[in-house]
Amino acid sequence: MGLGSAQAALTSAQSAQASAQKTADSASAALATVRDVADQADNDVAKAQTANDQAQSALTSAQSAQASAQSTADSASNVVASDQVAVNSAQDAVNSAQAALDSVNTITLPSGYVSAFKGNVAGTVSSSELEAVAKPGVAMNTYKDNVVAEKEVVSTNGADVSLTSEQEKQLTLFIAELVNSVRNQVGSSAVKVTEGSLAYAKIIIKGYNATGTQPVTHNSKVIVNAEKLYNVNSGEDLSLFFGDDSTPLTMNDIFGRAYNGLVGMLFNDADSNWGHTYSILGQNPQGISFGQEYLGVDSDQWGDTQYEFIGLNSTTTNNDFNTSNEFSIPNTTETHQQALNKAKSALANAENQLATDQAKLTSANQALANANEAVAQAQTTADNAKATLTDAQTKQSLANADVTAKQSEADQANSALATANQNVATAQAALENLSADQATKLANLQSSKDALASVQSQLSKDQRTLDQANSALATASDQLASAKQALTTAQTNADQAKQALARAEQAKRDAETALATAKNQLATDQATLQQAQATLATYTADNATKLANLQSSKDALTSAQAELAKRQATAASAQDALKQAKADLATKQQALTDAQTKLADLQAQLSDLQNAPAKLAQAKVALAKAQTSYDEALATAEKAQATHVSAQTADDQAQAKLATAKDNLARAQAQLATLEALQKAEQQAKAQAEAKANGYQIVNGQVVNDQGTPVAGWMVKNGVAYDANGNSINVPTATDKQSPSLTGVTKETISQYPTRKAYKQSLPQTGNASETGAILAGLSMLAGTLAMALGFKKKEN
């Protein structure tokens, strides 16, 4: 290689070096720029991450507060629901207690009754005056059904009634509570209930049942025997019952009959001269005191009620009549009132608790709403922070990608520069080597020339010198060959520099390819970013769904509260309906009261007839007294007439007495005739009942019983049967298959007492079926209790 070629190679390498230096400087500057951008992106990501962390922490706190508020609201809602259940339960308890109190049977005295009764005892108030005050008490007091006793059947299909000891005890305590309540109001001593009083009443019932015939008045023989057995004094009140027994008889019916009998004897007893009233209220018109009285109440086999008031005499011992085992007489009204007051107090407490917890629920719901709003705001802030972080991270990724790309470009440029520098150094060394060798060779050539000139000038001097010169020339030629080889090497180096330049250009092209790849990666990253944004949007939508669900739950709560209000309105409507039903019940009860008033009037008429025997005896006594008065007055008048005219005044007085006595005699005679007719009617009714009960019939002109035995004292005239008193009685002949009738007996003269299996009659009982009473004096009696006159009051000393 020649020196020119080496110089050219050096120049070319230096040019490539300058280009590579420029490329490296440009790559370094670009790298610095993208590093600045990357550093800023790192700062932005750090800030965005901090903001995102804070927003997420705030969201977590808000969600925790929301969960706590939701839990508090749910708990408060559950408490309110529980409170409402407690209020409903307390209200049910109040309703039950009120119903129990309303169902208690009590006796209300009419206004002025106490003073009127005491006045009658003192003799300052007449019987009619007391009756005017007392009679409204019948309508004022109505038996209230005992739903428990309604289930306790004591007789079906007309079977005999037989109360157990426990049933007798409950009936006695029921009446004792009522008796003591009215005695307390008139200032009388309370009765007591003991084993002895219950046993006494049971003995009385056994005596009545032993007769085999339903009583129509007191059985003095039974009472006297019981008094002797127990060595006591006693008074009996009797409430009879006649009527249909096709339906089952329950303890509720027994309670109702006993109650209604007590009401009748307290307020509608004028026809019995208030004997029952005095007995029940612990007063004795004869001034006889029983001292402490004991009560026993029972029911005979026909369902009648016997009230036995027992008093001890001076010789009674505990062996005769057991007073030691005393039963506690309940105060049902006070007990139920206390229960009602307790239930009302519990209801008020439950309502107060409900109001308190409802306020807590309202506060909790408001706190929940605030927490929900705080969560929504925190979610928005977190979403924004997340978006900002994602954007910063995307920019950071792009910046880092730029740094990587620029770093690669700078590395490649620096590598190309290093190669170019090496090439210049190599070319410079080759040129320097070539230049040094050329100078040596030129110097040697000049020496050779000088030697040649010397030799030529001295050609003749020495051939040896020529040979040496030729040898030196050959050496120089060898050296020239070496120089040429060096030049070739320099050329090779130049070629290598060109190849380095080509590689630099390829590196540039590779950098451009990498740039294109980076741009493609950028597009891919942007697509990934869009996908991430879509995913974020999905998560955001899911959060919106959760918020919507939360709102739906709140709406459901609101709906439930509206439903609660609706049900409360329904309950209010039901309460109004209950009030209306109570008003309707009051109307029906008034109608029942009117019917009872009418019944009382009919009972008064029936009492007149049924007390006919006693009144007949009274009338006979009155007639005897009137006859005596008449005789005395007549004697006085005759004496006064015969004595002197100056006794005219006395005569006038005697005449007046005589006239009065005559009037009294006439009235007594008329009453006697009426009572005798009534007595005959009663005798006929008893005989008719006897004939029916014993199956009397006419056989061969005789009256025989169902055993075919002739009946003593009875006879048959013209096909008609007559009893021992000569009363015509409807008795069928042996061939007569039809039911008995009242042929030959007028409505005005008959008072029939059928057996319990034929008819029954009692005062109306709320909820019971209507009952048809016996036919008496042509009047259809309503169902009612027949309170018989005391008729028997005894005191032994």
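1. Basis of the model. This is a predicted model, in which local features need pLDDT of at least 70 and side-chain atom pairs count only at pLDDT 80 or more, while totals for chains, interfaces and linings use all residues. Residues are numbered from 1 along each chain as its sequence is written, and side-chain values use heavy atoms, with hydrogens and water left out.

2. Confidence. The pLDDT (the predictor's confidence in each residue, from 0 to 100) averages 81 over the protein chain, and 78% of the residues score at least 70. Where pLDDT is low, the predicted coordinates should not be read in detail.

3. Overall make-up. The secondary structure of the protein chain comes to 13 helices and 15 strands, where helices (H or I, at least four residues) and strands (E, at least two) are DSSP runs numbered from the N terminus. Of the 797 residues, 36% count as buried, a term for under 20% relative accessible area, with exposed meaning over 50% and partly exposed in between (1.4 Å probe, protein chains only). Of the contacts in the chain with a separation of 6 or more, 79% are accounted for by residues 24 or more positions apart.

4. Aromatic pairs. Rings of Phe, Tyr and Trp (its six-membered ring) pair if their centres lie within 6.5 Å, and planes under 30 degrees apart count as stacked, over 60 as edge-to-face and the rest as tilted. By this rule the count comes to 9 aromatic pairs. One of them joins Tyr-143 and Tyr-259 in a tilted arrangement, at 5.8 Å centre to centre with 50° between the planes. Tyr-143 lies in the loop between α4 (136-140) and β1 (153-155), whereas Tyr-259 lies in helix α8 (residues 251-267), so the pair ties together parts that are 116 residues apart in sequence. Tyr-143 counts as buried at 1% relative accessibility, and Tyr-259 likewise counts as buried at 1%.

5. A further tyrosine pair. The rings of Tyr-200 and Tyr-230 are edge-to-face, because their centres are 5.6 Å apart and their planes stand at 65°. This pair links distant parts of the chain, with Tyr-200 in helix α6 (residues 195-211) and Tyr-230 in helix α7 (residues 220-230), 30 residues apart. Both Tyr-200 and Tyr-230 are buried.

6. The nonpolar cores. A nonpolar core is a set of buried Ala, Val, Leu, Ile, Met, Phe, Trp, Tyr and Cys residues joined through side-chain atoms within 4.5 Å. The largest has 47 residues, of which Ile-107, Ile-175, Leu-262, Leu-266 and Phe-267 touch the most other members. The elements giving two or more residues to this core include α2 (113-122), α5 (165-186) and β6 (305-312), and α8 gives the most, with 10 residues. A second, separate core of 18 residues includes Leu-101, Ala-343, Leu-347 and Leu-368. Leaving aside residues up to four places away in sequence, Phe-267 touches several residues, among them Ile-107, Tyr-113, Val-138 and Trp-274.

7. Strand β3 (residues 232-240) is mostly covered, with 9 of its 9 residues buried. β3 and β6 pair in the antiparallel sense over 8 bridges, two strands being paired if DSSP finds at least two bridges between them. In β6, Leu-312 is the bridge partner of Val-232, and Phe-309 is the bridge partner of Gly-235. β6 is largely enclosed by the rest of the structure, because 7 of its 8 residues are buried. β5 and β6 also pair in the antiparallel sense, over 7 bridges, and they form a hairpin with 5 residues between them, where Gly-303 in the turn has a positive phi of about 90°.

8. Thr-394. This residue lies in helix α10 (residues 332-457) and is buried, with a relative accessible area of 17%. The C-alpha atoms of Thr-394 and Ala-41 are separated by 9.0 Å, although these residues are 353 residues apart along the chain.

Definitions and conventions:
Contact = heavy atoms within 4.5 Å.
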